[in-house]
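Colleague: Put the model up, please. I have a few quick things to ask.

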Amino acid sequence: MHQFTIAELVKGLRNKDFSSTEVTQHYLDRIARLDKTYNSFITVTADIALQQAAAADARLAAGNAPALCGVPIAHKDIFCTTGVRTSCASKMLDKFIAPYNATIVENYLNSGVVMLGKTNMDEFAMGSSNETSWYGPVKNPWAIDCVPGGSSGGSAAAVAAHLAPAATASDTGGSIRQPAALCGLTGIKPTYGRVSRWGMIAFASSLDQAGILSRTAEDAAILLNDMASFDAKDSTCVEREVPDYTADLNKSLKGLRIGVPKEYFGEGLNPNTAQLVEDAIKVYESLGATIHSVSLPHTHLAVPAYYVIAPAECSANLSRFDGVRYGHRCENPKDLNDLYMRSRSEGFGAEVKRRILVGAYALSAGYYDAYYSKAQKVRRLIKQDFVDAFESVDVILGPTSPSPAFQFGSKTKDPVAMYLEDIYTIATNLAGLPGLSIPCGLVDNKPVGLQLIGNFFAEGQLLNAAHQFQQATNFHQQSAPGIE
Amino acid sequence: MQWETVIGLEVHVQLATKTKIFSGASTAFGAEPNTQACAIDLALPGTLPVANEQAFRFATMFGLAVNAEIGKRSVFERKNYFYPDLPKGYQTTQLAEPIVGAGFVDLELGEGRTKRVRIHHAHLEEDAGKSLHEDFAGMSGIDLNRAGTPLIEVVTEPDMRSAEEAVAFAKKLHSIVTSLEICDGDMSQGSMRFDVNISVRPKGQEKLGTRTETKNLNSFKFMEEAIALEVERQIDVLEDGGKIRQETRLYNGDTKKARSMRSKEDSNDYRYFPCPDLLPVILDDEYIESVRKQMPELPEAKRARFVEQYGLSSYDAGQITMDKFAAAFFEASTKISGEAKLTANWIMADLGAYLNRTEQRIDQSPVTPELLAGLVVRVKDGTLSSKIAKQVFEAICNGEGDADTIIETKGLKQVSDTGALEKIIDDILAANTAQVEGYRAAAEDKRAKMLGFFVGQAMKASKGQANPQALNELLIKKLNG
């Protein structure tokens with residue numbers, strides 16, 4: 001049963017091949033049996049899941065149930081869930097229970113989607129390896145000594161280990177696409193503003209966007225249909241009709257213009273990864289797409305600009321965690337300053353502290369112009385690169401991350417090496433564009449991701465390109481060794 | 001040495017919106033602590049702000065009222081600092097691109113003196129909560145009901161040269177925001193709070209002296225006192241050869257003392273940057289015009305109308321229109337009595353004094369526009385002398401009924417009846433034959449002075465009810481024989 005895609009589950013539930021309760025129980029059993037190995041969940045909500053499944057079964061029996069009714073998924077622990085702990089993988093929020101649902105959680109609730117639990121992640125989504133979680137690292141189902149990527153590593157590992165058929169995730173600089181690549185999954189980060197940020201704990205507000213980790217592009221399309229909505233509670237959410245993302249999945253790619261940026265194939269890219277991307281290009285040519293060389297000349301500035309803007313925003317976003325109203329509070333503070341200092345020192349991990357410090361520095365008097373203002377200028381240039389490129393192509397293609405999954409501890413001592421993990425994904429967040437990663441083969445028995453970047457609100461086109469690739473290849477059907 | 005005082009103000013005006021600037025929680029004053037603070041106000045994780053359109057409408061009204069350019073693009077920024085009553089750890093405010101640009105306010109200072117005070121800008125921002133340091137046994141309590149209440153902070157140029165000008169500006173601002181109905185103007189509840197920047201310099205010197213900022217003054221009286229005290233302190237320091245330290249000061253209205261709160265060196269680096277949760281707000285001409293059309297009449301316009309329509313002097317009209325409730329009272333009362341000038345005088349003099357003394361607001365005055373009109377009518381038609389009228393007014397204040405009832409029950413009608421007056425005068429002349437002789441023997445130019453004696457006697461005999469004019473005429477006639 002855990003081999004089924006979301007599309008197959010939807011069909012099976014309709015046909016009464018199985019009930020939501022059966023599917024849900026099956027996944028809960030697998031989580032209970034296997035997740036000790038992967039550590040992909042922070043909280044498993046078995047009771048809630050079974051209640052929701054029973055309710056979904058009743059709706060299905062009554063007819064007129066929404067498409068996704070009864071399908072179980074997992075939520076990244078960055079999304080607030082009423083009555084269930086939302087920790088953001090931080091000691092700071094270990095005991096935090098939100099009195100509201102994130103809009104995307106609410107959307108799925110309305111669709112009758114069942115919540116299996118809350119997945120592990122890098123603390124406050126800051127990391128590319130899931131090693132910064134207060135609840136311990138997540139193991140990559142493909143190679144147990146390797147990282148699953150981050151920050152949505154728990155969501156990725158859970159789906160790759162078939163502990164959930166799909167999971168929600170969030171992407172600030174690559175946090176959906178890089179784990180998708182490292183765990184052999186499909187991961188989509190929609191256009192900034194497509195999906196509400198209400199109830200998603202902020203890392204860097206101008207970059208954060210919720211999305212999906214799933215086994216196939218078709219599943220991503222089905223799930224995005226319900227995740228995306230206009231939400232007046234998020235001022236940056238765009239009031240724009242949500243199309244049916246499954247409508248164009250089977251469209252022919254004949255005449256699709258694919259741009260390949262030369263800057264994405266430079267130094268630092270694993271040659272085997274590069275080869276798989278080249279092979280994928282040939283697949284697209286065989287599907288009727290035309291390949292064009294494009295240039296994104298400011299690519300090399302994306303990581304430095306990001307590591308000014310994202311920390312700057314996070315330094316303010318995380319100020320609310322002060323031990324005053326909720327979250328971790330140190331014991332016996334002797335005065336206000338002591339309360340702040342110890343609560344925050346104890347509550348936050350090293351990477352979070354590093355980024356708060358970097359951000360506060362970049363915004364401080366005398367440095368603002370040199371760092372923050374300059375980074376914003378770079379951001380505009382990077383966006384313009386894409387706008388220019390999309391004058392002549394429909395989709396941009398390249399690697400998702402420079403190399404396959406790496407071993408635990410191999411980059412933790414060198415933050416910059418870790419930051420370079422997101423070298424190909426960060427620019428799309430800075431530009432606000434949608435991006436997607438799909439599996440395109442294995443290197444050393446570890447998955448490699450192919451990244452597709454679309455124009456603003458062209459999620460449908462991206463999913464179409466991804467689905468057609470998956471119709472022509474079987475990389476997405478490969479499971480991690482040992483996962484039956 | 002002659003010193004010149006230089007004053008600039010920063011005024012926080014609480015906007016009377018129904019809900020908070022970035023959340024749907026109520027802004028009503030006086031609720032139980034933390035009952036009007038929602039998840040957004042508490043800065044729970046994952047919550048997001050949505051800007052309140054009414055706050056923009058009110059700020060736009062203010063901008064138009066002070067002749068300012070309206071910022072067609074305004075941007076919220078985050079001002080970062082830690083304080084327990086600041087839930088997010090930053091205040092959402094405006095810095096580089098505020099809603100209201102440069103403008104000005106013209107003041108009338110009496111005796112025909114005028115003054116223009118330039119507004120540097122005014123920006124929208126959210127208020128913080130309150131820290132309560134009493135009743136918690138050494139701990140502090142936090143009340144976040146006020147957190148997120150919309151404010152406009154009005155920043156002036158350093159154009160004021162005395163406490164008188166600063167207070168006149170503050171009063172004018174108060175009258176503008178209350179006339180616009182964008183602020184309830186209740187200073188005791190913190191609806192308007194003043195930060196006063198003060199420096200002194202030798203008269204004739206162009207360069208500004210080092211300034212201090214006295215924060216959070218919440219009455220005109222305290223503002224006046226605090227300025228006087230600080231100016232005196234600065235002059236003393238400078239005359240003793242000292243230097244003024246740039247600092248923030250607090251004035252205690254109870255003890256009448258001020259103290260330094262922090263020096264500039266201790267001040268925060270607020271690390272402002274544009275708030276990524278809120279997009280720039282764009283106001284087009286059409287929006288601004290629609291706001292302009294909905295604006296209530298401003299004090300300035302009302303004053304001009306009162307001069308034109310009621311024939312009041314510019315000064316009187318200015319006084320009356322300073323308070324929109326006084327202006328409304330005036331118009332209501334005048335409509336009944338038809339006597340604008342007299343009504344204005346009564347409002348500014350006796351009624352004003354009475355309300356001040358009893359600490360009542362004119363819109364809640366027990367002396368209603370109808371009651372005042374009843375009195376004014378009886379003054380105008382000569383039933384009451386101005387002296388007796390004051391007695392009747394006191395009786396109205398005491399709730400003894402309307403003017404006619406009081407005149408009737410107390411028998412206070414002015415005696416203008418010639419027969420009655422003649423009787424009184426004849427009695428007095430008969431009883432004071434020596435004085436009558438003296439008067440008649442005196443030269444013409446001395447007589448006027450001697451007349452006073454007879455008037456006094458006659459008034460006394462009539463218990464003050466004699467019509468002075470009729471009495472005078474009749475006396476002169478009789479004395480001249």
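Colleague: What stands opposite Glu77(B) in β14(B)?

Modeller: Pro274(B) does. Strands pair if DSSP finds at least two bridges between them.

Colleague: Before we go on, how should I read the numbers and letters?

Modeller: Residues count from 1 along each chain as its sequence is written, while chains are lettered from A and ligands numbered from 1 in the order in which they are written. This is a predicted model: local features need pLDDT of at least 70, side-chain atom pairs count only at pLDDT 80 or more, and totals for chains, interfaces and linings use all residues.

Colleague: And what counts as a strand or a helix?

Modeller: Both are DSSP runs, numbered from the N terminus: helices are H or I with at least four residues, strands are E with at least two.

Colleague: How many bridges join β5(B) to β6(B)?

Modeller: There are 7, and β5(B) runs antiparallel to β6 (residues 113–126) of chain B.

Colleague: Now helix on helix. How do α9(B) and α10(B) cross?

Modeller: α9 (residues 369–380) and α10 (residues 386–397) of chain B cross at roughly 160°, their axes coming within 10 Å. So α9(B) and α10(B) are roughly antiparallel. The cut-offs: under 35 degrees is roughly parallel, over 145 roughly antiparallel, 65 to 115 roughly perpendicular, and the rest oblique.

Colleague: Left-handed or right-handed?

Modeller: The crossing of α9(B) and α10(B) is right-handed. Right-handed has the near helix turned clockwise from the far one by less than a right angle; left-handed has it anticlockwise.

Colleague: Which residues make the contact?

Modeller: From α9(B): Leu371(B), Leu375(B) and Val379(B); from α10(B): Ser386(B), Ala389(B), Val392(B), Phe393(B) and Ile396(B). By class, that contact of α9(B) with α10(B) has 7 nonpolar, 1 polar and no charged residues. Contact needs C-beta atoms, placed from the backbone, within 7 Å. Ala, Val, Leu, Ile, Met, Phe, Trp, Tyr, Cys and Pro count as nonpolar, Asp, Glu, Lys and Arg as charged, and the others, Gly among them, as polar.

Colleague: At what angle do α12(B) and α14(B) pack?

Modeller: About 125°, with the axes of α12 (residues 418–431) and α14 (residues 444–461) of chain B 10 Å apart. That makes α12(B) oblique to α14(B). Ile424(B), Ile425(B) and Ile428(B) of α12(B) meet Phe454(B), Gln457(B), Ala458(B) and Ala461(B) of α14(B).

Colleague: Zoom out. What domains does chain B have?

Modeller: Domain 1 (3–289), domain 2 (297–410) and domain 3 (418–479). Those bounds come from an automatic or database domain assignment. The centres of domain 2 and domain 3 of chain B, taken over C-alpha atoms, are 34 Å apart. Their contact takes 4 residues from domain 2 and 4 residues from domain 3.

Colleague: And between the chains?

Modeller: Chain B gives 26 residues to the contact and chain A gives 34. The side of chain B that touches chain A has 18 nonpolar, 3 polar and 5 charged residues.

Colleague: Last one, on chain A. Where is the cis peptide bond?

Modeller: Between Gly150(A) and Ser151(A), with omega about 5°. Ser151(A) lies in the loop between β3 (114–119) and α5 (153–160) of chain A. Phe124(A) is found in the loop between β3 and α5 too. Its phi is positive, about 50°, although Phe124(A) is not a glycine.

Terms used:
Axes are lines fitted to C-alpha atoms, for helices over the stretch in contact, and angles run from 0 to 180 degrees between N-to-C directions. Two residues are in contact if their C-beta atoms, placed from the backbone, lie within 7 Å.
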